[in-house]
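Hi,

Here is the structure I promised to send over. Have a look at it first, and then read on for my notes.

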Amino acid sequence: MSMRSLPFLLLISSLPLIISDCSRLTRRPARTDICKVCEELPEHLLECDEVLDLSEYNKSDKDAYHYGCSKMGGESISEIEMTRVVCKSLDPFTCWYDQDSESIPNDNKTGLIKQEWIQNRYFLSEFKKPCVRYTGHYFQSTLIYSILLGFLGVDRFCLGWTGIGVGKMLTVGGLGIWWVIDIILLITGNLTPNDKSNWENLY
């Protein structure tokens with residue numbers, strides 16, 4: 001056998017590893033195996049939903065879920081909740097799907113019963129995502145609006161507080177008092193977007 005044919009033989013011998021169909025495994029692969037459990041795949045190989053917002057649900061409905069956010073956003077990292085999200089692998093052949101995994105909720109209240117999860121190969125991610133949402137609100141621009149046009153309620157309109165914005169406009173910023181109060185509330189973090197989203201980052 002010549003040395004020129006050695007790379008070709010190595011490539012041929014490795015093909016089963018490259019094209020192996022992990023979904024056909026009959027046992028759960030070990031973490032050291034080439035095939036991985038779908039839950040163990042890195043995030044870039046998964047198609048995942050956004051975090052589930054449960055902030056408007058009552059306590060009994062929240063308890064029915066095994067994931068989701070009881071509140072959205074927060075002023076500091078310590079205040080922000082983390083949650084697992086619903087995912088599925090981008091390629092069903094790249095991983096082994098564990099139908100008996102604890103990451104598959106078995107509760108009709110979650111909107112997807114266990115059989116539907118299995119049929120679509122859904123599972124809860126091992127990683128967690130922050131319970132934050134961004135909808136295009138910038139603190140810096142809102143502060144400028146509040147200082148320059150706050151007496152017309154422009155800051156309140158921008159943040160989605162339409163009713164309060166109308167009242168502020170009709171009273172010309174509460175004769176200036178409301179105008180100043182909203183600037184203080186904004187600076188101290190007590191005036192935030194009405195949709196409970198977080199401020200966008202400038203970078």
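Predicted model: local features only at pLDDT ≥ 70, side-chain atom pairs only at ≥ 80, totals over all residues.

**Disulfides**

A search of the whole structure gives three disulfides.

- C38 is bonded to C95, with 2.0 Å from S to S. The link is right-handed, at 80° about the S-S bond. It connects distant parts of the chain, as C38 sits in the loop between β1 and β2 while C95 is in strand β5 (residues 95–96), 57 residues apart. C38 has 2% relative accessibility and counts as buried; C95, at 0%, is buried too.
- C48 pairs with C87, again with S to S at 2.0 Å. This link is also right-handed, with 105° about the S-S bond. C48 belongs to strand β2 and C87 to strand β4, so the bond ties together parts that are 39 residues apart in sequence. C48 is partly exposed, with a relative accessible area of 22%, whereas C87 is buried at 1%.
- C69 and C131 make a disulfide with their sulfur atoms 2.0 Å apart. Here the link is left-handed, at -85° about the S-S bond. C69 comes from the loop between α2 (59–64) and β3 (82–83), and C131 from the loop between β7 and α4, so parts 62 residues apart in sequence are tied together. C69 is buried, with a relative accessible area of 0%, and C131 is buried with 0% as well.

One more cysteine to note is C158, which is partly exposed with a relative accessible area of 31%.

In soluble globular proteins, nonpolar side chains tend to be buried together. In this model, the largest nonpolar core has 21 residues, and the ones with the most contacts inside it are L46, Y67, C87, Y97, W117 and F123. At least two residues of this core come from each of β4 (86–89), α3 (114–120) and β6 (123–124). Another core, of five residues, lies apart from it and includes L143, L159, L191 and W199.

**Aromatic rings**

The count comes to four aromatic pairs. One of them is W117 with Y122, an edge-to-face pair at 6.2 Å centre to centre and 85° between the planes. W117 is buried, with a relative accessible area of 0%. Together with Y67, W117 and Y122 form one aromatic cluster.

Another pair is F151 with W179: the ring centres are 5.2 Å apart and the planes are at 55°, so this pair is tilted. F151 is in the loop between α4 and α5 and W179 is in helix α8, 28 residues apart, so the rings link distant parts of the chain. F151 is partly exposed at 26%, and W179 is also partly exposed at 26%.

**Salt bridges**

Side chains of opposite charge can pair when their charged atoms come close. The structure holds five salt bridges, including these:

- K129 and E43 meet at 3.5 Å, N to O. K129 lies in strand β7 (residues 129–130) and E43 in the loop between β1 (36–37) and β2 (46–48), so the bridge ties together parts 86 residues apart in sequence. Both are partly exposed, K129 at 22% and E43 at 40%.
- K168 and D155 meet at 3.0 Å, N to O. K168 is in helix α6 (residues 162–170) and D155 in helix α5, 13 residues apart. K168 and D155 are buried.
- R156 and D182 meet at 2.8 Å, N to O. R156 is in helix α5 and D182 in helix α8, so parts 26 residues apart in sequence are tied together. R156 and D182 are buried as well. Through shared partners, salt bridges join D155, R156, K168 and D182 into one network.

**Helix α4**

Which residues of helix α4 (residues 139–149) are buried? They are T142, L143 and S146. Seen down the helix axis, they fall within an arc of 100°, so they line one face of α4. Among the elements covering them are α5 (154–158) and α8 (177–187). L143 is also one of the residues in the five-residue core.

Cheers

Key: Residues numbered from 1 in each chain as written. Heavy atoms only, no water. Buried < 20%, exposed > 50% of the residue type's maximum accessible area, 1.4 Å probe, protein only. Helix = DSSP H or I, 4+ residues; strand = E, 2+ residues; numbered from the N terminus. Arc of directions from axis to C-beta. Contact = heavy atoms within 4.5 Å. Core = buried A, V, L, I, M, F, W, Y, C linked by side-chain atoms within 4.5 Å. Phe/Tyr/Trp six-rings, centres within 6.5 Å; stacked < 30°, edge-to-face > 60°. Salt bridge = Lys/Arg side-chain N within 4 Å of Asp/Glu carboxyl O. Disulfide = S-S within 2.5 Å.
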